[in-house]
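Dear colleague,

I am handing over the structure below, and I would be grateful if you could look through it before reading my notes. The notes follow directly after it.

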Amino acid sequence: MAAPSFVIDVDYEQPAAGAGAACDTRHAWARVPPEPSQDERIALKERIRRLLRERNAVMVSHFYVHPDLQDLAEETGGIVSDSLEMARFGRDHAAQTLVVSGVRFMGETAKILSPEKRVLMPDLDANCSLDLGCPVDEFSAFCDRHPDRTVVVYANTSAAVKARADWLVTSSCALDVVSALHAQGRKILWGPDRHLGDYIQRQTGADMVSWNGACIVHDEFKSLELELLKKAHPAAKVLVHPESPADVIALADAVGSTSAILNAAQRMDAKEFIVATDTGMLHKLRTLNPGKTFIEAPTAGNGGTCKSCAHCPWMAMNGLAELANALETGAGEIHVDPALGLRARVPIDRMLAFTAGLKNGQAPGSLVAGIGAA
C-alpha cells in the first residue's frame, strides 16, 4: 500500500487592490508526495527510463522541482532550465511526448507551442499563485480599462491570459522587451507579478500600470533578516530573483532569472552566496559550483510554504511515482483549446523571436517595431 501524501495548507494574504488590480487567492494547498526509499527511487528511475524510450518521450524539468527529476531529465536527454528554455526545448525536440515537471502554466505553454505533441505532467493540480491570482475575466476587464496600453504578461499565467496579451515575457527577457517597447514610446500594462513589474519599471522608466499579484515564495523574503544574515556572512554575495520585494532586491549583488543567478554564481569569484529564490535552485547551484557554499535567504514569514523556508508547494508536487504513472497511463495530460492555443501562441512566438534576434545581434528596436497592441 502506498504511503499517504502530505498536504500543505498555504495561507497567504494577497495585497489589497491599489492602482492596479488584484484577485483574492488567499488559500492554496498542495499534495506533497512522500519521499521514496532508495530501492524505490532506483526502481522508479529505471521504470521512467524505459517508459521514455517506449513512449518516444523527453523530460523537461524546472530548476525548482525535486533533484531526482532534475537529474533524471539530464540523464535521459532532456533539459533542466527556466521557463523560457523549457518552452524552446519542447518546441524544437523531436520527441512526440513531452513530460513537463513544473507547474501547470509550463505544461500549457509546451502544449501551445507543440499542439501536435502529447504533453504530460506528474500532477495537473501543480499550480502557481501568480496564475491563480490572475483570472482571465478580471484581467481582461483590467485591460479593457486601459485600451491604449501594450499588454505584457509574465509567463506565470494561464493560456487564457496569454491569449489576451500582446507580449509574453519571462524574468530572463522582461527587461529587454519592456525597454524596447518603452524606447518605441509604448505605454505598458503589466501582469501579474507586482514585484517584477516594479523592478522593471525602476530599471526602464517605462510608463506602466500593473496587476497586483505576487509569488507566495518570493514575496516572503525579508530584508531585515537578510541584512542580519549578510552580517553573519560578510564575504557572501547575494543573488536575488526579481519576483522578490524591492527592499530585498536593494540588498542584492546580482538580480535576475534562474539562469542569470546560475551564471552569476559561476562568474563571481566569491566562495559564499546567499540565494533569494526557491530552494529547489540550490541543487543545480551546488552541482555546478562544488567549491562554493550556497545559503538560503530567510523568509521568516507566515505566508509562504512554511515559516522558515522558500519552496513552492506546487513544485513539490512533482515526484518520481507521479511522473511514472503519467507515462504509464496517460494521466496528467495537458489539453488546451486549439483556438485559444493559436491566440496564446502569438505573444509566445513574439518572445521567442525577440530573444533569438537579440542572441543573433539584432537591435531590440527592430524586434518590436510595428508590434504594439494586437
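In which hand, left-handed or right-handed, does α1 pass α2? The crossing of α1 with α2 is right-handed, where right-handed means that the near helix is turned clockwise from the far one by less than a right angle, and left-handed that it is turned anticlockwise.

Before the rest, please note that this is a predicted model, in which local features need pLDDT of at least 70 and side-chain atom pairs count only at pLDDT 80 or more, while totals for chains, interfaces and linings use all residues. Residues are numbered from 1 along each chain as its sequence is written, and side-chain values use heavy atoms, with hydrogens and water left out.

Helix pairs

Helices (H or I, at least four residues) and strands (E, at least two) are DSSP runs, numbered from the N terminus. Helix α1 covers residues 38-54 and helix α2 residues 67-75, and their axes come within 11 Å and cross at roughly 40°; axes here are lines fitted to C-alpha atoms, for helices over the stretch in contact, with angles from 0 to 180 degrees between N-to-C directions. The two helices α1 and α2 are therefore oblique to each other, given that angles under 35 degrees count as roughly parallel, over 145 as roughly antiparallel, 65 to 115 as roughly perpendicular and the rest as oblique. In their contact (heavy atoms within 4.5 Å), Arg41, Lys45, Ile48 and Arg49 of α1 meet Asp68, Leu72 and Glu75 of α2. By class, this contact of α1 with α2 holds two nonpolar, no polar and five charged residues, where Ala, Val, Leu, Ile, Met, Phe, Trp, Tyr, Cys and Pro count as nonpolar, Asp, Glu, Lys and Arg as charged, and the others, Gly among them, as polar.

For helix α12 (residues 258-267) and helix α13 (residues 281-288), the axes come within 10 Å and cross at roughly 30°, so α12 and α13 are roughly parallel to each other. Their contact divides into six nonpolar, two polar and one charged residue.

Cavities

How many cavities of 30 Å³ or more does a search of the whole structure find? The search finds two, a cavity being a set of points, on a 1 Å grid over the protein atoms alone, where a 1.4 Å probe fits but cannot get out, with lining residues having an atom within 4 Å of a point. The largest cavity holds about 300 Å³ of space, a volume being the space filled by probe spheres set on the points, which are joined across faces, edges and corners. Its lining has 29 residues, of which His62, Tyr64, Asn156, Glu243 and Met315 are the closest to its centre, and this lining comprises 14 nonpolar, 12 polar and three charged residues.

The second largest cavity has a volume of about 110 Å³. It is lined by 15 residues, with Ser83, Met86, Ala87, Met106 and Thr109 nearest its centre, and the lining divides into 11 nonpolar, four polar and no charged residues.

Backbone details

The peptide bond from glycine 191 to proline 192 is cis, with omega near -5°, and proline 192 lies in the loop between β9 (188-191) and α9 (194-204). Asparagine 56, although not a glycine, has a positive phi of about 50°, and sits in the loop between α1 and β3 (57-62).

With kind regards

Key. 1 Å grid on protein atoms, 1.4 Å probe; cavity = no way out; pocket = protein on both sides within 12 Å on 5 of 7 lines; lining within 4 Å.
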